[in-house]
Amino acid sequence: MSETAARVLARMFERMSRVIETEKDRLSELDGAIGDGDHGITMSIGFKAVTAALAALDLESASPSDVMSTAASGFLDAVGASTGPLYATGFRRAGQALAGCDQLDLAACRDMLSAISEGIRDRGKAQRGDKTMLDVWLPAAEAAATAVAAHRQKPEFWKAVEAAAENGAAATATMVATKGRAARLRERSLGHTDPGAASAAMLIKAMAATL
Amino acid sequence: MVLKTSAPRKGGPGRGTGPEGIDTIPLRYGDDPYVWACWLYYEDGMTQGEIASAMGVSRATVNSYLADAREKGIVNISIEPARLASLTIAQELKRHFGLADCLVVPNGDDSRPLIGRLGAAGAQALSKMIKSGDTLAVAWGRTILSVGEHLEMGSLQDVTVVQATGGTTASFAYTPELTTAAVARAISARCVNITAPAVVASAQMHDMLLAEPLIREQFDTLARANRIVFGISSLRPNSTIHTSGFFESVPLQHYLAKGAAGVLAGRFIDERGRPVAGPLDDRTIGISLEMLRGIGTRVAVAGGFDKVPALLAALRGGYVNVLVTDAATGAGILRADGVTSLDGKLSQRQKSTPVANSYRSHVKKFLNNPNDVVEEMLDGLIAAHRPYLQPIGTSHRALVARNGPRPGKVGLVIGGGTGHEPCFVGYVGKGLADAVALGNIFSSPPPDPIVKCAVAASGGAGVLFVYGNYAGDVMNFEMAAELAEERGIPIRTVLTTDDIASSPVEDKEGRRGVAGNFFVFKVAGAACDLGMTLGECEAVTRKANDRTYTVGVALESCSMPQTRRHNFEIGPDDMELGMGIHGEPGVSRERVRTADEIVDAIMDNIFKEMKAEPGDKVAVLVNSFGATPLMELYILYRRVEQRLAAKNIQIEANWVGHYCTSLDMVGASISILHLDRQLTGLLHHPCRTAILTIHAPEADEAAKG
């Protein structure tokens, strides 16, 4: 018997935390160009808190939904700012979407991606083109929906999702920030990848590698 | 006035005192031989003799151009950077995208709306290109209508102007029909409209209509077009694409999802300029992208930051060979396409005197471990202000007023990032805020301490949240409000939006909250203390916020403890008018002026919105952003008092000092609360906090200052 869905999700968060830890300087550097330079640190604090919170959870009896909502509160209590509520809401919605689900097939992954991106959108009231993490999460969720509708196999599914995420992150360089502190730079934010979008693409990559 | 930009030049060459014999001024110099001469002389370093032969005029004329240019203020340190910058950007755009020509209007002149300035520039470009016998296709849009309105050419023959797309509803002013007609009228041309809708119900209807002889004839005219002028629309929510109802919104979502970045003449392209296929394609009547690209002169007139991705897409796709835009958008396009050489060129130009390259690389601060500043500050602050407040539980990020909350009283919770001291924590105490939630520097607290504050402040009559309108704060306080309501505490929220420089009056709700917080908190605290209901407290707090007007000016940016570097740069002789308390942009970056002129600019802005009658009363707050000393604040206050006195507006109360700061930013803000009877009473209501104490009425006079 393979490991439980809850364990797989916990492993996904560990991988996310590792990726963020490795890349945190690059993220802060990206943020330094258009923000206050602490995105890498914020994300690192947030995901460390997530893994700590998950370590306290009994993964044998926990449901995937429990893992997501534990991750949400762990992240939020540690971070605040704007990243905190955004990911916390995204993860919490994913928890709701996964309620009653005990295996992570592609349909579940699709639901999770779309719940995360909708949660982030609803909480931040941003939309596509605002140069935010949403420019990664929305296309990734749409790619997932398209792939499931076309009955793609797992490798193609994640390939499409990752590609959509990476294109989305790259496209933020051509956008002008209208949300958050980067908005203060107006057109000076052009040519810079949004750090929140860059970290979102990293998280999706970590998802693809685990699920 | 040092800052005044020169008046736009009326009339072109060939009219009035126009120059002799010049008919070939490169487009990028506008219609201005003075600028051309000055560019060649000052920028390219040519001699007057060389310039004479380049321009095809005599040396004496060049000489007088250069002299006149100084007299007219064209060569003038204060305005030329903007003009030269736009020339540089035009040259760079032309080179980078291989354009036939490019005209960039400077952004310095903000007195006219962008659409009008683009329209005038587009008209100027067209008037140089349209020749007798031409067929000019015209797409619809606000900017192109503006081109038509500015265009004036009389002496052409046999010009045909043809509508590039079908028609739309006439519910807005810039329909394809009206836009085309305006252009045709301006150049006395024959006008050919496409007498079919731009979008029809089905592909069959499309084919049937195009088979109609009349429409086929109109399309034949369109196919003969040798020039086209068109706007470029983004797919952003406020773009004309949405507001005009040109397309139904459902197919729009389809194109968005498929990566559409812009719209030209009703056709969708992606970020690389490739056509995006969708359900409207077969139902759209008008020029195709392929037809458009086949036209010889393709003039795009468009500007505004939100159009950068769309413009870049159109340029990448080769749909444009003459571009008319504004300097900021032009620079944005170049940056977005990775052209970085521009920044060097621009800053090199704008550098008036070489700064003694700041010999220090960091700002000195009193620090132990930079990562502990917030905790250490809170330790000290809690110890210092023990008579007024105490921590809720063990965390120092949620503090409650001693003797503040009481049964039956609405609780007042305020909060936000740190770095603004004495805001927010200085306003916690009896008669003012009951509790405060604090985040990291310039960063919202998470919901958890906010909920703790709500619970601690609750006296059973509900809790009012009052905080500045920032994305992070709104999200965290909203989540906290949901959590508090789950625990049975009714929550109402008032966002402070007093910074009138942060958004135009039409977008009042989008403004940010700055030093005017002081007045809004005071009024809210008094209302709660007087035992008003939650609804009443909310209403009067909202009124106080609506009647509070703040404008700030920054001279130097602040530095974060972790980096000890300035967060951004304000040039050695510049200031930013309208800057927010984290360094958000304001109305304009300008040369530093005298204190009185700065106050005048601020008060003019405030008077524009505050409808005060002679005899009305106000409260005034002159606030330092951190590093500006009281001496300078009093100089500012002096002028504020003079300006109000001149309008016979009475200052009921005033505060001058550090009330809402931004670490060590150099700068100040002026806030005015337009009082009425109720607000006056609430302002004088007693309170006792670390920063603001107002005594009961008998001692009232002393507190008023």
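**Note on chain B: sheets, a helix, cores and an interface**

1. In strand 18 of chain B, Glu576(B) is the residue opposite Ala554(B). Strands, runs of at least two residues in DSSP state E, and helices, runs of at least four in state H or I, are numbered from the N terminus. The model is predicted, and local features need pLDDT of at least 70, side-chain atom pairs count only at pLDDT 80 or more, and totals for chains, interfaces and linings use all residues. Residues are numbered from 1 along each chain as its sequence is written, while chains are lettered from A and ligands numbered from 1 in the order in which they are written.

2. Strand 17 (residues 548-556) and strand 18 (residues 574-577) of chain B run antiparallel and are joined by 2 bridges; strands pair if DSSP finds at least two bridges between them. Strand 18 also pairs with strand 19 (residues 588-591) of chain B, in the antiparallel sense and over 4 bridges. There, Glu576(B) has Arg589(B) as its bridge partner.

3. Chain B as a whole contains 24 helices and 24 strands. Of its 705 residues, 52% count as buried. A residue is buried if 20 or more other C-beta atoms lie within 10 Å of its own, exposed if 12 or fewer, and partly exposed in between, with C-beta atoms placed from the backbone.

4. Strand 14 (residues 435-441) of chain B is mostly covered, with 5 of its 7 residues buried. Strand 11 (residues 395-401) of chain B pairs with strand 14 in the antiparallel sense over 3 bridges, and Leu399(B) stands opposite Val436(B). Strand 12 (residues 411-418) of chain B runs parallel to strand 14, to which 5 bridges join it; Gly416(B) has Leu438(B) as its bridge partner.

5. Ala435(B) is among the residues that touch the most other members of the largest nonpolar core, which holds 177 residues. Such a core is a set of buried Ala, Val, Leu, Ile, Met, Phe, Trp, Tyr and Cys residues joined through C-beta atoms within 7 Å. A second, separate core of 89 residues includes Val105(B), Val183(B), Val276(B) and Ala302(B).

6. Why does Ala300(B) count as buried? Ala300(B) has 25 C-beta neighbours inside 10 Å and therefore counts as buried. Ala300(B) lies in strand 8 (residues 297-301) of chain B. Neighbours within four places in sequence aside, its contacts include Phe230(B), Ile232(B) and Ala314(B); a contact requires C-beta atoms, placed from the backbone, within 7 Å. The C-alpha atoms of Ala300(B) and Ala314(B) are separated by 9.0 Å.

7. Helix 9 (residues 213-223) of chain B has Gln218(B), Phe219(B) and Leu222(B) buried. These residues lie on the same side of helix 9 because they cover an arc of only 100° around the axis, taken from the directions from the helix axis to the C-beta atoms. The face turned away from the buried side carries the exposed residues Pro213(B), Arg216(B), Glu217(B) and Asp220(B). The cover over the buried residues includes strand 2 (135-138) and helix 8 (203-211) of chain B.

8. At the interface, 30 residues of chain A are in contact with 37 residues of chain B. Among the elements of chain B giving two or more residues to this side are helix 11 (249-257) and helix 18 (471-486). The side of chain B that touches chain A comprises 20 nonpolar, 11 polar and 6 charged residues. Here Ala, Val, Leu, Ile, Met, Phe, Trp, Tyr, Cys and Pro count as nonpolar, Asp, Glu, Lys and Arg as charged, and the others, Gly among them, as polar.

Notes. Contact = placed C-beta atoms within 7 Å.
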